[in-house]
Amino acid sequence: MAEQGHVYTVDEALTHVGFGKYQCFVLAYAGLGWVAEAMEIMILSFVGPTVKSEWNLSSTEESLITTAVFAGLVDGLSGRGAGSGHVFLSWFLEFVPPSNRGMWMVIFSSFWTIGSVSEAIGAWIIMPRLDWRWLLGLSSIPSFILLAFLGFQPESPRYLCLKGRTAEAHRALEKIAQVNKTKLPNGKLVARRSTLPTGERAPPELVHLLSSNGGNKTTEGKSGLSLFLMLFSSKLARTTILLWLLLFGNSFAYYAVVLLISELSSLDTRCRSPLMFSHHPQDANLYIDEFITSLAEIPGLLLAAILVDTAGRKLSITIMFTLSCLFLLPLVTYQSNILTTGLLFGARMCVMGAFTVSLIYAAEIYPTSVRSTGAGAANAMGRIGGMVCPLVAVALVANCHQMTAVVLLVVVIVTSILSVMLIPFETKGQELSDTVDFTSD
């Protein structure tokens, strides 16, 4: 075998070729998937109240429509290739050099904000002139564009290398270098370094993931069930459970805040003091509040970009979730329309930042052999959080239980904070290959 200095890993190859035109193409395609999902989620805020009125639905029936949408998005064990926005995020991560990975993932997440703001503007324009059916139809356009280009979606060189298809991985890396107008390092591509000196590349908290012979094994031929069960091995069970709690609370909090905006904007005046609140047309309030609060995701992404590569993933999530609780707590009592919108703006800004960093953390935390399965399963748990949140943000608030809804939301966020604090390691600054693959305890 070639000497240590004459071999290189996928991470080292990606670092050498840098972030260039090729990654921009991948970013554009994966980002469109993220836009499509954001539009699908945001549309619930506008369609829900309208459909409830048109079809004479109860609050529970309205919340179940939203729950059904999230149930359809659960795809936890999906592999690479087209899928939900979360799968696109994991796929994009495979092409990003280790340096400033957090920053690029935050940039990727900005496509979510593009989708959210676009949907808010589209609803503002389309709903008063046409109806919600037109809004649904136009919102499906990004998904059709994704399908048209599905055949051109490249496979991850890291995944190919893991599967023992080193020649294919090398060709994929050569293609990246060619498009970026650079060259690969001299030497031979290997799945991983034969040794991983403690203290040089892997932090001490990652050492417990390494098994004595795990570095020489691959997951070639492993079934989806086998890969899923690996998430509960003695080395990963704690991380898996805590990550599931984090992603559950992460999605619950984000979608609950989004749905709270529409519910509090159209809240029946019988739940409020008529002396404090004047009556405004429901639709006008809804469109204005949704548009204003959707803009909160821009400073939320900027906050995440500042914190993710400085404070690290865990501390960033903790800080932003804590701030979101401070914005939500005043809403345990009825506030004026302006103050309510301002508080929800701040809450959505912070929750969006925590949401973004949590997805980055989930995509980084597992070794390549189970990364897609691990991140997908965690995101599926997040979808369950999305399924449950309408029962809080829609049903409770619509039935004049705003205090209960807000308190429950804060409890979920605090649980997420505790979960991320207990996860045993940080991924800031680590190459993905530093989390060594293994197949047995």
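Biologist: Leaving aside its neighbours within four places in sequence, which residues is L245 in contact with?
Modeller: This is a predicted model, so the answer rests on computed coordinates. L245 lies in helix 11, which spans residues 237-265, and its C-alpha atom is separated by 8.5 Å from that of V420, 175 residues apart along the chain. Once neighbours within four places in sequence are set aside, the residues in contact with L245 are S416 and S419.

Biologist: Is L245 buried, partly exposed or exposed?
Modeller: The class follows from relative accessible area, where buried means under 20% and exposed means over 50%. The relative accessibility of L245 is 40%, and L245 therefore counts as partly exposed.

Biologist: How are the rings of F248 and F252 arranged, stacked or edge-to-face?
Modeller: By the rule for ring pairs the count comes to 19 aromatic pairs, and in one of them, F228 with F232, the centres are 5.6 Å apart and the planes stand at 65°, so that pair is edge-to-face. F248 and F252 are 4 residues apart in helix 11 and therefore separated by about one helical turn. Their rings lie 6.2 Å apart, centre to centre, with 25° between the planes, and the pair is stacked.

Biologist: Which residues have the most contacts inside the largest nonpolar core?
Modeller: The largest nonpolar core has 116 residues, and helix 2, residues 21-55, gives the most to this core, with 17 residues.

Biologist: How do helix 5 and helix 13 run relative to each other, roughly parallel or roughly antiparallel?
Modeller: Helix 5 (residues 101-129) and helix 13 (residues 297-308) pack with their axes 9 Å apart and at an angle of about 170°. An angle over 145 degrees counts as roughly antiparallel, and the two helices are therefore, relative to each other, roughly antiparallel.

Biologist: How many of the residues in the contact of helix 5 with helix 13 are charged?
Modeller: On the side of helix 5 the contact includes M103, V106 and W112, and on the side of helix 13 it includes E297, I298 and L301. The residues of this contact divide into 8 nonpolar and 5 polar, and the number that are charged is 1.

Biologist: Why is helix 1 described as largely enclosed by the rest of the structure, and how many of its residues are buried?
Modeller: The buried residues of helix 1 are V10, D11, E12, A13, L14 and V17, and what covers them includes strand 1, helix 2, helix 8, helix 9 and strand 2. Just after helix 1, G18 takes a positive phi of about 75°. Helix 1 is largely enclosed because, of its 8 residues, the number buried is 6.

Definitions and conventions:
Residues are numbered from 1 along each chain as its sequence is written. This is a predicted model: local features need pLDDT of at least 70, side-chain atom pairs count only at pLDDT 80 or more; totals for chains, interfaces and linings use all residues. Side-chain values use heavy atoms; hydrogens and water are left out. A nonpolar core is a set of buried Ala, Val, Leu, Ile, Met, Phe, Trp, Tyr and Cys residues joined through side-chain atoms within 4.5 Å. Buried means under 20% relative accessible area, exposed over 50%, partly exposed in between (1.4 Å probe, protein chains only). Contact means heavy atoms within 4.5 Å. Axes are lines fitted to C-alpha atoms, for helices over the stretch in contact, and angles run from 0 to 180 degrees between N-to-C directions. Angles under 35 degrees count as roughly parallel, over 145 as roughly antiparallel, 65 to 115 as roughly perpendicular and the rest as oblique. Ala, Val, Leu, Ile, Met, Phe, Trp, Tyr, Cys and Pro count as nonpolar, Asp, Glu, Lys and Arg as charged, and the others, Gly among them, as polar. Rings of Phe, Tyr and Trp (its six-membered ring) pair if their centres lie within 6.5 Å; planes under 30 degrees apart count as stacked, over 60 as edge-to-face and the rest as tilted.
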